[in-house]
Amino acid sequence: MPTTDEVVRDLDLTGRTALVTGVSAGLGVETARALTSVGARVLGAARDLGKAKAALDGLDVELVELDLADLASVRACAETVLELAPSLNVLVNNAGVMAPPLLRTAQGFELQLGTNHLGHFLLTRLLEPALVAGAPARVVNVSSRGHLRAGLDLDDPHWHTRPYDKWKAYGQSKTANVLFTVELERRWGPAGVHAYALHPGVIMTELSRHLTEADLAALSSGARPGGGQLTLVDVPTGAATQVWAATTPELEGRGGLYLEDCAIAGPTPGDGSAGYAPWAVDPEVARRLWEWSEREVGLV
Ligand SMILES: NC(=O)c1ccc[n+]([C@@H]2O[C@H](COP(=O)([O-])OP(=O)(O)OC[C@H]3O[C@@H](n4cnc5c(N)ncnc54)[C@H](OP(=O)(O)O)[C@@H]3O)[C@@H](O)[C@H]2O)c1
């Protein structure tokens, strides 16, 4: 598996502008670093600007405040970004939360669907003019192999009537990332704005902050849900696929793809080891998610 530096080694991104969400920890910091290292102008969004500044450690990244769990903050962030970068070539929807107890966003959404999908959905939609102006442009939605755990339940998306399952809720939110990619490509691809979803790998980051002792023990034993072994990779390797999605000339002019290990992935073999689930690429469900999301975030 290549690292971020290997992915960008032969590239010159001078004159290109990118926005990366979640630049206060983990993969977002590394993604911002890799993009700046080859000349891109990088805007970084974070809810805790002090933490982001410390994590970026002197890197040339323009910080913008963003709390994905509050749509007012998402709207304010988009407004600032449109002013700073009327032309945007890359949007990496990277920020995320995994397996917390049942919590809700400012608008009452289940926290994982609200943060991982709905916040990014609104941000992306509001940035459409900048992305179209920046075309050929790319929207990179950082999903997860965790999407194999659950599809989308539009009858009870926010877990009001079914008993909350933190892993299924994570899976649902990460399935939403892939479905959003499918519909985004259908709608914006013809304008030269292409969309990608991806699994970065399994990396020890702050993403595990909500895990219990039992969850951590299961993870460190290397057991994969559904059987087999988990392979841990370091942060520069884990962030490589999203940097590849954002930059590789190999993907020029195409999108609506699910990526793993810096390559286009196929359907899952069904054992949880790789690939995308059938429910994550269903074009009809993707269209329904788009229309439902528009109503949830108040775009219609
Ligand atoms: N690590 C893995 O093994 C793995 C595997 C598959 C997929 N992923 C995906 O990769 C992405 C990055 O994860 P990571 O491993 O880098 O996790 P991380 O170290 O926990 O970083 C997550 C980032 O998201 C930000 N964030 C969380 N909630 C937010 C909110 N409401 N508003 C704005 N920002 C928010 C965090 O901000 P704070 O610092 O303020 O908390 C942090 O900057 C996530 O989408 C995750 O689902 C990771």
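## Sheet and ligand site in a predicted model

In this predicted model, eight strands make up an open sheet with mixed pairing, ordered β3-β2-β1-β4-β5-β6-β7-β8. The edge positions belong to β3 (61–65) and β8 (263–264); each has a single partner strand, so one side of each is left without a neighbour in the sheet. Strand β2 (residues 41–46) runs parallel to β3 and is joined to β3 by five bridges. Within this part of the sheet, Val42 is placed opposite Val61 of β3.

Two helices that pack on the sheet can be described in turn. Helix α2 touches β1 (17–21), β2, β3 and β4 (90–93), and its direction makes about 170° with that of β1. Helix α7 touches β5 (137–142), β6 (193–199) and β7 (257–260), and its direction makes about 160° with that of β6.

Both helices also take part in the ligand site: α2 (26–37) and α7 (166–188) each supply at least two residues of the shell around the ligand. Of the 30 residues around the ligand, those that come nearest are Ser24, Lys51, Tyr170, Thr205 and Arg209. By type, the shell divides into 13 nonpolar, eleven polar and six charged residues.

| Residue | Protein atom | Distance to a ligand oxygen atom |
|---|---|---|
| Lys51 | side-chain N or O | 2.6 Å |
| Arg209 | side-chain N or O | 2.7 Å |
| Gly96 | backbone N or O | 3.2 Å |

The ligand taken alone exposes 900 Å², and the protein buries 96% of that area.

Key:
Residues numbered from 1 in each chain as written. Predicted model: local features only at pLDDT ≥ 70, side-chain atom pairs only at ≥ 80, totals over all residues. Heavy atoms only, no water. Near = heavy atom within 4 Å. Polar contact = N/O pair within 3.5 Å; in protein donor to acceptor, adjacent residues only side chain to side chain. Areas by Shrake-Rupley, 256 points an atom, 1.4 Å probe, with all protein chains shown as cover. Helix = DSSP H or I, 4+ residues; strand = E, 2+ residues; numbered from the N terminus. Nonpolar A, V, L, I, M, F, W, Y, C, P; charged D, E, K, R; others polar. Pairing = 2+ DSSP bridges. Contact = heavy atoms within 4.5 Å. Axes fitted to C-alpha atoms, helices over the stretch in contact; angles between N-to-C directions.
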